[in-house]
Amino acid sequence: MRITALFLGLLLFAGCAQPEAEPAAEDAAAPDATTEMTEAPAEEAALDPAALAEMTIYEAAQAAGLTSLVAAVDAAGLAETLSSDGPFTVFAPTEDAFGLIPADQLTNLLENDTETLQNILLAHVVEGQVMAADVVGLTEAPTLNGTYPITASDEGVTVAGANVIETDLTVSNGVIHLIDRVIMP
């Protein structure tokens with residue numbers, strides 16, 4: 001199963017797949033979180049469903065090369081939560097979705113405002129495993145940080161105005177549904 005880069009990197013700019021030149025010796029120091037998040041994977045990661053089923057949400061993000069998601073989860077202190085037994089349902093914004101957040105605002109969240117970053121990420125997580133067939137029958141998503149409306153129509157499903165673009169990416173501790181914008185509590 002090809003994961004549309006699972007969450008396509010939860011937090012930053014998608015169109016950055018051009019390879020960069022090697023840094024000069026004086027620039028070879030470890031990049032900061034902002035630098036890491038602006039580098040999208042050159043190709044989407046293709047993960048076998050059996051392999052995906054053995055991974056946690058956090059491990060699947062790492063395996064798919066989702067450096068933005070991993071950096072945000074790490075900065076918010078949620079890696080252990082998304083690696084725990086769960087189960088959880090994650091409505092995961094794509095890289096494009098987080099690319100809509102101004103870079104300075106995102107940098108501030110990652111470096112200075114982890115409480116707000118944590119609240120934003122928890123607004124995308126529902127306790128329990130909710131598959132797409134179940135989401136269609138719901139009118140709201142009770143996340144770990146608020147309840148948001150769900151609307152199902154012939155055009156598809158939205159959660160808090162975000163379109164669900166890929167569903168039922170099943171991992172060992174839950175399920176992931178990709179959405180096209182960030183839910184801001």
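This section describes the fold, the nonpolar cores and selected local features of a predicted model.

The chain has 185 residues, of which 43% are buried. Its secondary structure consists of 9 helices and 7 strands. When contacts between residues at least 6 apart in sequence are considered, 71% of them join residues at least 24 apart. The accessible surface of the chain is about 8900 Å², and carbon and sulfur atoms account for 51% of this surface.

The largest nonpolar core holds 33 residues, and the members that touch the most others are Ile-57, Val-73, Val-90, Leu-117, Leu-121 and Ile-176. Helix 4, which spans residues 67-76, supplies the largest share of this core, with 5 residues. A second core is separate and has 15 residues, including Phe-91, Val-135, Ala-141 and Ile-183.

Helix 4 is largely enclosed by the rest of the structure, because 7 of its 10 residues are buried. The buried residues of helix 4 are Ser-68, Leu-69, Val-70, Ala-71, Ala-72, Val-73 and Ala-76. Of these, Val-73 is also named among the core residues that touch the most other members. Helix 4 is followed by Gly-77, which has a positive phi near 70°.

Two packed helices are described by the angle between their axes and the distance between the axes. For helix 4 and helix 8 (residues 114-122), the angle is about 120° and the axes lie 8 Å apart. The two helices are therefore oblique to each other, an angle between 115 and 145 degrees being neither roughly perpendicular nor roughly antiparallel. The crossing of helix 4 past helix 8 is left-handed. On the side of helix 4, the contact is made by Ala-72, Val-73, Ala-75 and Ala-76. Helix 8 contributes Thr-114, Leu-117, Gln-118 and Leu-121 to this contact.

Within helix 8, Leu-117, Ile-120, Leu-121 and Leu-122 are buried. The buried residues of helix 8 pack against helix 4, as well as helix 7 (103-111), strand 2 (125-127) and strand 3 (140-143). Glu-115 also lies in helix 8, but this residue is exposed, because its relative accessibility of 57% is over the 50% cut-off. The C-alpha atom of Glu-115 is 7.1 Å from that of Ala-76, although the two residues are 39 residues apart along the chain.

Thr-56 is placed in the loop between helix 2 (49-54) and helix 3 (57-63). With a relative accessibility of 9%, Thr-56 counts as buried, since the limit for a buried residue is 20%. Apart from neighbours within four places in sequence, the contacts of Thr-56 are with Leu-82, Ser-83, Val-171, Ser-172 and Asn-173.

Another loop, between helix 5 (79-83) and strand 1 (88-93), contains Pro-87. The peptide bond from Gly-86 to Pro-87 is cis, and its omega is near 5°.

Val-159 belongs to strand 5, which covers residues 156-159. The relative accessibility of Val-159 is 0%, so this residue counts as buried. Beyond its neighbours within four places in sequence, Val-159 is in contact with Phe-91, Ala-141, Pro-149, Ile-150, Val-164 and Ile-183. Val-159 and Arg-181 are 22 residues apart along the chain, and their C-alpha atoms are separated by 9.6 Å.

Positive phi values also occur at residues other than glycine. Ala-160 has a phi near 50° and lies in the loop between strand 5 and strand 6 (162-171). Ala-160 is buried, with a relative accessible area of 14%. Asp-168 has a positive phi of about 55° and is found in strand 6. Asp-168 is partly exposed, with a relative accessible area of 27%, a value that falls between the 20% and 50% cut-offs.

Technical notes:
Residues are numbered from 1 along each chain as its sequence is written. This is a predicted model: local features need pLDDT of at least 70, side-chain atom pairs count only at pLDDT 80 or more; totals for chains, interfaces and linings use all residues. Side-chain values use heavy atoms; hydrogens and water are left out. A nonpolar core is a set of buried Ala, Val, Leu, Ile, Met, Phe, Trp, Tyr and Cys residues joined through side-chain atoms within 4.5 Å. Buried means under 20% relative accessible area, exposed over 50%, partly exposed in between (1.4 Å probe, protein chains only). Helices (H or I, at least four residues) and strands (E, at least two) are DSSP runs, numbered from the N terminus. Contact means heavy atoms within 4.5 Å. Accessible areas come from the Shrake-Rupley method with a 1.4 Å probe; for residues, only the protein chains shown count as cover. Axes are lines fitted to C-alpha atoms, for helices over the stretch in contact, and angles run from 0 to 180 degrees between N-to-C directions. Angles under 35 degrees count as roughly parallel, over 145 as roughly antiparallel, 65 to 115 as roughly perpendicular and the rest as oblique. A crossing is left-handed if the near helix is turned anticlockwise from the far one by less than a right angle, and right-handed if clockwise.
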